[in-house]
Amino acid sequence: MRPEYARGYFEELLDQEFISEGDSRFIQDHFETVKSSATDTDHSPHSISTAGEKRYTSTVDRRLRDHRLVEEIKEIYSNKCQICRDHRLKDKNVGYSEVHHIQPLGRPHVGADVKKNMIVLCPNHHSDFDNGVVSIDPDSREIDHLYENAVDGQVLRSHRSHTIAKEYLRYHINEISVL
Ligand SMILES: [Zn+2]
């Protein structure tokens, strides 16, 4: 498998409920191996090297997070993306959304596993957060998107019972965003 395709493949695997802790560790170790060999031998612009570092961390995050809080926050937003309000389904009448830790949990970011550090997203905007092509202004809550005019400049959708802490939005801007 080409290293640049490995990230998506392993992320999919780690998100599956049937993967045991042991298997999860094996997959993460293997991903680490792929990442190292990509750094050592593949210098093409698409290889997972320095830029891949953040992506690897976010892969691990999806495994470590508190599933109770994740379910609670998805419920608050009825599985609608806070950026674009898109509402996906994973079955008839069963909503689907993803929760992202704005300051990722794994090293080197070591973010907190709290609702104030979480945002409910559609799969596209989850990727955009991981890749740092979208960010949120901590004060105005305005969305800054690299290329998507439909959301750029809009105000982030927010529920009265959920406030994202400014410190995490600032961290994302300083450490992850490419904007
Ligand atoms: Zn979205």
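Proline 108 lies in the loop between β3 and β4, where strands (E, at least two residues) and helices (H or I, at least four) are DSSP runs numbered from the N terminus. The peptide bond that joins arginine 107 to proline 108 is cis, with omega of about 0°. The model is a predicted one, in which local features need pLDDT of at least 70 and side-chain atom pairs count only at pLDDT 80 or more, whereas totals for chains, interfaces and linings use all residues. Residues are numbered from 1 along each chain as its sequence is written, and side-chain values use heavy atoms, with hydrogens and water left out.

Most residues other than glycine have a negative phi, and most peptide bonds are trans. Arginine 85, although not a glycine, has a positive phi of about 65°; this residue is placed in the loop between α4 and β1 (88-91). With a relative accessible area of 52%, arginine 85 is exposed, the term exposed standing for over 50% relative accessible area, buried for under 20% and partly exposed for values in between (1.4 Å probe, protein chains only). Arginine 141 likewise is not a glycine and has a positive phi of about 65°, and this arginine is found in the loop between β5 and β6.

The zinc ion is coordinated by the SG atoms of Cys81, Cys84 and Cys122 and by ND1 of His125, at 2.0 to 2.3 Å. Donors are here N, O and S atoms within 2.8 Å of the metal (3.2 Å for Na, K and Ca), and since water is not among the atoms, sites may look incomplete. The angles among the four donor atoms are 100 to 115°, and the site of the zinc ion is tetrahedral, a term applied to four donors if all angles lie between 85 and 135 degrees. For four tetrahedral donors at a metal, the ideal angle is 109.5 degrees. Along the sequence, the donor residues of the zinc ion follow the spacing C-x2-C-x37-C-x2-H.

Cysteine 81 is buried at a relative accessible area of 1%, and cysteine 122 is buried at 5%, whereas cysteine 84, at 30%, is partly exposed. His125 belongs to helix α5 (residues 123-131), in which His126, Asp128, Phe129 and Asp130 are buried together with His125. A disulfide is taken as a pair of cysteine sulfur atoms within 2.5 Å, and by this rule the count comes to zero.

A search of the whole structure finds five salt bridges, each defined as a side-chain nitrogen of Lys or Arg within 4 Å of a carboxyl oxygen of Asp or Glu. In one of these, the side chains of arginine 68 and glutamate 72 meet at 3.6 Å, N to O. Arginine 68 and glutamate 72 are four residues apart in helix α4 (residues 67-76) and are therefore separated by about one helical turn. Arginine 68 is exposed, with a relative accessible area of 54%, while glutamate 72 counts as partly exposed at 31%. Glutamate 72 also meets lysine 115 in a salt bridge of 2.8 Å, N to O. This pair links distant parts of the chain, with lysine 115 in the loop between β3 (98-101) and β4 (118-121) and glutamate 72 in helix α4, 43 residues apart. Lysine 115 is partly exposed, at a relative accessible area of 26%.

Another salt bridge is formed by lysine 166 and aspartate 139, whose closest N and O atoms are 2.9 Å apart. Because lysine 166 lies in helix α6 and aspartate 139 in the loop between β5 (134-136) and β6 (143-145), the pair ties together parts that are 27 residues apart in sequence. Lysine 166 counts as partly exposed at 38% relative accessibility, and aspartate 139 as exposed at 54%. Through salt bridges that share partners, Arg68, Glu72 and Lys115 are joined into one network.

How values were computed:
Tetrahedral: all angles 85-135°; square planar, octahedral: opposite > 155°, others 65-115°.
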